[in-house]
Amino acid sequence: MAGRVKELYRELVERAHTVTSAAQHEDSTVIQVGNATCENAAGSREVLHEFRKYIAASGKEDRIVLRETGCTGRCSCEPIVGVTRPGQTMVKYQKVDAEATHRIFTQHVLEGHPVPDLLLDAQMGTSPLKLLFCRSRRCADSMQGDYAEMCREKLADAGLDYVVDDIVSANCFGLCRSEMVGRLGHLMVLPDKVVYRLRNEADLDTIIAQHIQGGRIVDTLRIGDEPFSGRFFEMYGDVAFFNRQDRIALRHSGVIDPESLQEYIAEDGYQALAAVLERDDPAWVIEQVSRSRLRGRGGGGYPTGTKWDMARKAQADTKYIICNADEGDPGAFMDRSMLEGDPFSVLEGLTIGGYAIGARKGFFYIRAEYPLAIKRIQHAIDQARLNNLLGPDILGSGFDFDVEIRLGAGAFVCGEETALIHSIEGRRGEPRIRPPYPTESGLWGKPTVINNVETFANIAVVCDYGADWFANIGTAESGGTKVFALAGKVEHTGMVEVPMGMTLREIVFEIGGGVPDGKELKAVQTGGPAGGCLPAKWLDLPVDFRTLGEAGSIMGSGGMIVMDEDDCMVDIAKFFLVFSQDESCGKCTPCREGSRRMLEILERITGGTGTPQDLDNLERLAILMQKSSLCGLGRAAPNPVLSTLREFRDEYLAHVEEQRCPAHRCVALLRFQIDPEKCVGCTACARNCPVLCIQGKAKQVHEIDQSRCIKCGRCVEVCRFSAVDRL
Amino acid sequence: MTHPTPAVTDHWDQVREAAEAVLGDEIVEYIRTAAAQPEPASELISVLHKVQARYGYLDTEHLDAVAQLLQVPAATVSGVATFYHFFRLNKPARYSISVCMGTACYVKGADKVVNRLQEELGIDIGETTSDGLFGLQQARCLGTCGLAPVMMVNDDVLSRVTPEAIPAILDRYAKQSRQDSS
Ligand SMILES: Cc1cc2nc3c(=O)[nH]c(=O)nc-3n(C[C@H](O)[C@H](O)[C@H](O)COP(=O)(O)O)c2cc1C
Ligand code: SF4
Ligand code: SF4
Ligand code: SF4
Ligand code: FES
Ligand code: FES
């Protein structure tokens, strides 16, 4: 049986290489367009269509390849288009529309001149050569000094100034395997796609003299292995937004065609499953996953190895494994993007998990609101079945495993494990008391493991690259990276994957580009309706499960919403409570009634009739709900209220003591007033007021009838003389 | 393939035929396959998804027919259909507008978009205009938070929507509907 797996896998790899290399000549130009819900919403379908038209019209179908990939997570710049001319690095364009498509095609694709004003972010300088230094903690700590800086100086001295702008420090390429940690650094030279090991300054001198100046690859320093995020950094390493990230769970997003099993396999896909089946030792897998310190990415942060071990040890003829793709946190989209951009790695992780615990059947539980993700996963399942990677006797190993998709139907509580199980069983998604835990009695009473999408996306990497390497990336308690969905009042909204332990400041300011329009950051919300709002004083907090908990929030599944001075923290607390109250399944009283009463109080406060006593009542109810609710929804629902009460008490006090909303957000507490000094009587406000409550003759001071004003704010927007004050 | 034996009726053939007529061949076939699975009751939600995809909503007629053909108590079927937000129990408008009220969209001003839609359409959330053209809903998160605020009109996802853009958007769909019907 063993040996056979290896053989069958090798055949798959060979076929994959044949197919992928046939699709692309050495001398063809590749145009890459994203196909994901976000990309499409931004207009990428139209861009694709335009390119197709131009390619056909140019008559160069055999020399211009149009590919589709998932998204890279650079939402605010979509649609993104990548153009790779033969032997060059990929040039990325942002916010591409029909007109831009035309310019990119005629100037760059046909004539070879990149279009500077459309480039994504500030890409590097104009030199064809690009140098990427790994600045990850693991490499950088072992090196004395800043090699990137050293290299800049050396090149300037050598009169090679033009390359200097093309030197960047990127995060981990994924080369620092356990055996090498702490001993050397790495340098990637593009477009040659060569990775060097750097042990000391002399190595750097050799590379500069031979490769940069002489154009000859230094074979003695070259690393033969393909770094596993190598493809990603080859394509995107020159963009600051990306090169500060570690791409592990997202290693293929925006890199491969998510509908091509061949491309996945050509990028070492299914290598981990093949190795695991070849080894034929489920306990080994569990040991690796435990040692990697991988914690569940769905919010709870439970150690994945421990969960698998319990299920493995449970005595039963049938066991199940489920991928939780219900992504309920409103404001989070990591799971969607992973399912759409790299469905095979999630499926491979699920299959390995099934093998490890002894399950023969797995499920994807996906939100019905994600039609493209559903389509991609179904396609991946079908392809895997056709290639003996799913179904009976996988890769000749004797292991049978199959997977089915079940759709959620818009109930947040179904993300909770026991509710999810009920939902797959075709019932109302109401939670039940635990224990028994699903690992003991889950789906149809059988031992069941439920893990999040991102958890599964990490599994193949843990098996391929080693548990110790993975553990080393994170903090002492939590291995690997975390993907965050960065949104709200932040310059670069998108997906960012960073090592556990990176600070909020690095994420929001260095990668996210900070708060737009020169506004002040007020809070970072993590954990969605179950989390909390962290004020600016926590910006230097290294992020992991424990630290966020101690700061009064939670890691959650990865939603990270940045709020600025215009956001009212009382209003935000109310926003989340409206959500939780609406989503409460109603099974237990503390949550059903508690959330309603808390919401009533918050409505009073934001409506201007709250009293200081209300704050105490809120707190008492919140604690009661936390302690006595049946499931995680009710227990966590008060968190946004408690965290804002603690960190932003002055805002609550302004509402209840002065009937004032400092952020000017709570409509009932607002007052619009025209400043007679500034009003020139242009009549614009009077004409635009939807309830016609502004009186005044042309060229005379206008006045608002407060009793009829509905506080829509239109007058402020239309007055060109800033004469309307919002108080 | 046969249906499972009915629980209580003497007129199973009539009941079955009526139910099949309500749901149509494609769904009847789907239920047949589902009923042959090891846990047929667990297919209920998938069946309801199919019915909604086909008819746009779940009528009581549909729910009863599903209960009969899948041999699941009618109370269970309606209990499930009402529990999940995704299932619509009323006929949707020609254009169903859902504004995302997830956190990212909310802090980027989705509430102002909703206000403007209410003003322009003269309806509240959950209502349909009297001509049946537009319906207004709130959605949870559509997963495109990076492009907030986001709204959907039927299957189209519109990103970075502003209140000022609303009248033109509505016009576009109204025009499209006139073209479709002429
Ligand atoms: C109300 C509620 C909603 C949840 N929603 C999700 C979700 O959308 N996705 C998810 O993976 N986990 C969600 N969880 C956590 C899951 O119950 C479960 O802990 C997780 O899927 C386990 O996988 P992990 O260990 O890989 O994180 C939710 C929990 C609660 C209480
Ligand atoms: S805590 Fe809320 S959601 Fe959970 S079981 Fe109770 S009522 Fe339902
Ligand atoms: S806030 Fe709105 S209703 Fe009030 S005066 Fe201004 S435009 Fe009129
Ligand atoms: S728009 Fe401004 S300046 Fe013009 S009438 Fe109104 S308040 Fe006065
Ligand atoms: S780029 Fe796809 S999630 Fe935004
Ligand atoms: S919050 Fe609106 S799309 Fe996510």
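Modeller: Gladly! The buried residues of H21(A) are covered by elements of chain A that include helix H10 (240-243) and the strands E13 (481-488), E14 (494-499), E15 (521-526), E16 (532-535) and E17 (559-564), with contact meaning heavy atoms within 4.5 Å. Helices (H or I, at least four residues) and strands (E, at least two) are DSSP runs, numbered from the N terminus. This is a predicted model, in which local features need pLDDT of at least 70 and side-chain atom pairs pLDDT 80 or more, while totals for chains, interfaces and linings use all residues. Residues are numbered from 1 along each chain as written, chains are lettered from A and ligands numbered from 1 in written order, and side-chain values use heavy atoms, without hydrogens and water.

H21 itself spans residues 504-511 of chain A, and its buried residues are A:Leu504, A:Ile507, A:Val508 and A:Ile511 (buried is under 20% relative accessible area, exposed over 50%, partly exposed in between; 1.4 Å probe, protein chains only). Looking down the axis of H21(A), you find these buried residues within an arc of 120°, so they line one face of the helix; the arc is taken from the directions from the axis to the C-beta atoms. After H21(A) comes A:Gly513, which has a positive phi near 80°.

A:Lys522 and A:Glu651 join their side chains in a salt bridge at 2.7 Å, N to O (a side-chain nitrogen of Lys or Arg within 4 Å of a carboxyl oxygen of Asp or Glu). A:Lys522 sits in E15 and A:Glu651 in helix H28 (residues 649-657) of chain A, so the pair ties together parts that are 129 residues apart in sequence. Both partners are buried: A:Glu651 has 7% relative accessibility, and A:Lys522 has 15%.

For comparison, look at another pair in the chain. A:Arg604 and A:Asp614 form a salt bridge at 2.8 Å, N to O. A:Arg604 belongs to helix H24 (residues 589-606) of chain A and A:Asp614 to helix H25 (residues 612-628), 10 residues apart. Here A:Arg604 is partly exposed at 34% relative accessibility, whereas A:Asp614 is buried at 4%.

To place these pairs in the whole, the structure holds 60 salt bridges over all chains, and five are counted between chain A and chain B.
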